[in-house]
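Hello,

Here is the structure I said I would pass on. My notes on its core and its aromatic side chains follow below.

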Amino acid sequence: MSQQKQPNIINYFQQYKQGIQNAFKILEEVEFELPEEEVKQKIPKQIEDQKQPIEPKFISQADTKRALENIDKLICQLQLVTPLYSDPKYLNFESNDRTKRQTQMKHQQMWDQIKLQQKERFAKFQDQEILERILELDTQLKEDYEYNFQFSSGTQKKTIQIKYHDVLKLNPPNYLNDGIINFYLKFIEFELLDESLRSKTYIFNTYFVEKLCPFDKLQTIQQNDNHRINELFKQSYEHIKRWVKEDLTEKEYLLFPINLPEHWSLLIAHKQSKSFQDSVIIYLDSFGIIDQKLVTIIKMYLHKMQCDKIQSDVNYNDSPIKQIPAYQLLVPRQVNYVDCGAFLLEYAESFLSNPNYLLSDFESPEGIYKLKLFPRTLVNRKRLLMKQLLIELVELGKEQALVNYKQRRQEIIESCYTNEDEYDKIDQDLFKEFLNQKSSISVNSDQQRSMLLDFYMNPQQNYYEQ
């Protein structure tokens with residue numbers, strides 16, 4: 001096992017200290033004092049304002065010693081609190097945003113404590129070798145890392161910029177941030193899809209649903225309070241109605257990444273004909289969470305787009321779009337508290353590699369079982385794949401980085417299963433055992449679905465053996 005690495009922020013301050021030491025050594029050899037006339041030429045206004053001569057400044061040995069001792073104290077303090085506060089996400093607040101900083105810090109402390117408590121419980125799902133490989137890639141990163149991903153949206157050219165701190169979000173146990181999620185979703189759309197599928201697909205950025213369905217307001221509304229939901233939609237729609245420059249009524253697949261507090265999920269709207277009234281919605285969440293109010297607002301958005309296209313003013317309550325079905329499918333689930341972003345990205349990539357798999361057979365009793373979408377082992381390596389990709393995009397160029405990424409991902413999939421019929425079969429077998437333990441009598445489809453959700457939400461039952 002490799003030695004534990006210093007958190008990045010401590011490395012930063014140790015390097016900063018060394019830089020100061022080097023600077024002091026250089027300054028000791030420099031003649032600081034300037035002739036008074038030269039000082040007057042450089043800053044005449046300051047001299048005039050102060051009405052007194054400016055004395056040249058010197059850095060004494062005592063100043064040097066005190067500065068270095070202060071940095072040593074800071075490093076010691078950081079070592080006491082890392083890794084809790086070593087992540088850059090705790091350092092990005094504006095100085096005048098004290099309330100937000102305190103609130104979010106408190107919230108993050110709670111989640112960090114939960115993750116710490118669950119570490120032992122989920123130990124069998126941790127792959128130490130993969131973790132070490134992810135962290136080792138930091139040695140290939142430079143602090144001035146920058147990659148600009150360019151793509152076209154309608155008639156506009158857009159750029160997503162990834163920097164050093166974004167790449168570090170791929171290191172467990174960090175949550176993936178908006179920058180990584182948005183980059184990778186657009187990378188899927190513009191680099192991994194063929195032209196035919198890309199022309200039928202639109203992937204929203206992570207800020208869209210957040211603005212359309214503000215969660216802080218949404219959670220204050222009761223499930224059946226249609227009046228307040230409609231009022232919220234009207235207000236929110238005014239903020240986002242010009243965000244998208246393309247005609248989305250011509251698209252077949254609309255992918256909405258959803259950022260709930262501390263959690264990512266994905267909603268997909270599939271338009272089966274020329275009208276959104278012939279659509280279906282599927283909700284993919286690695287914790288089995290779903291808020292029906294959020295689904296309702298997405299339906300309202302589809303309705304509004306269609307009305308704007310045909311210049312109609314039909315009320316949503318009278319629209320067939322209100323009745324389109326929404327399904328929460330049983331897809332591979334996460335077994336820790338930090339990989340929801342990786343699951344979101346794999347849901348999107350796997351869905352678009354074979355849309356028919358998720359979109360078929362909804363009505364049959366087995367139709368909600370979509371465990372063959374991808375092997376969960378693939379998500380265990382998702383952070384590694386993405387980090388390798390981002391490094392190689394800069395070092396090798398997009399063409400070679402793309403070839404390497406596809407090859408690595410395919411090798412992982414092929415190494416997991418040799419027989420398609422056995423794909424995630426262990427989940428199916430264990431669920432049957434779970435049902436037998438719960439009840440000796442037969443259950444209807446709704447009861448079975450509820451029990452299956454319980455099964456997937458229980459980490460002790462949600463066992464996956466590679």
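Over the ring of which residue does the charged end of Lys186 sit? In this predicted model, that ring belongs to Tyr202, and the charged end of Lys186 is 4.6 Å from its centre. A second case of this kind involves Lys271, whose charged end sits over the ring of Phe276, 5.8 Å from the centre.

On the nonpolar side, the largest core has 66 residues, and the members touching the most others are Phe183, Leu255 and Leu390. Helix H14 (residues 340–353) contributes the most to this core, namely nine residues. Apart from it there is another core of 35 residues, including Leu218, Ala269, Ile297 and Ile298.

Neighbours within four places in sequence aside, Phe183 contacts Tyr147, Phe149, Ile160, Ile162, Leu389, Leu390 and Leu393. Phe183 also belongs to an aromatic cluster with Tyr147, Phe149, Phe151, Tyr184, Phe187, Phe190 and Tyr405.

Across the whole structure, the search gives 22 aromatic pairs. One of them is Phe204 with Phe208: the ring centres are 4.4 Å apart and the planes are at 35°, so this pair counts as tilted. Phe204 also pairs with Tyr301, with centres 6.1 Å apart and planes at 75°, which means an edge-to-face arrangement. Phe204 is in the loop between strand S3 (201–203) and helix H10 (206–212), while Tyr301 is in helix H13 (residues 292–310), so this pair ties together parts 97 residues apart in sequence. Phe204 and Tyr301 are both buried, and Phe208 is buried too.

Regards

Notes. Residues are numbered from 1 along each chain as its sequence is written. This is a predicted model: local features need pLDDT of at least 70, side-chain atom pairs count only at pLDDT 80 or more; totals for chains, interfaces and linings use all residues. Side-chain values use heavy atoms; hydrogens and water are left out. A nonpolar core is a set of buried Ala, Val, Leu, Ile, Met, Phe, Trp, Tyr and Cys residues joined through side-chain atoms within 4.5 Å. Buried means under 20% relative accessible area, exposed over 50%, partly exposed in between (1.4 Å probe, protein chains only). Helices (H or I, at least four residues) and strands (E, at least two) are DSSP runs, numbered from the N terminus. Contact means heavy atoms within 4.5 Å. Rings of Phe, Tyr and Trp (its six-membered ring) pair if their centres lie within 6.5 Å; planes under 30 degrees apart count as stacked, over 60 as edge-to-face and the rest as tilted. A charge sits over a ring if NZ of Lys or CZ of Arg is within 6 Å of the ring centre and within 35 degrees of the ring normal.
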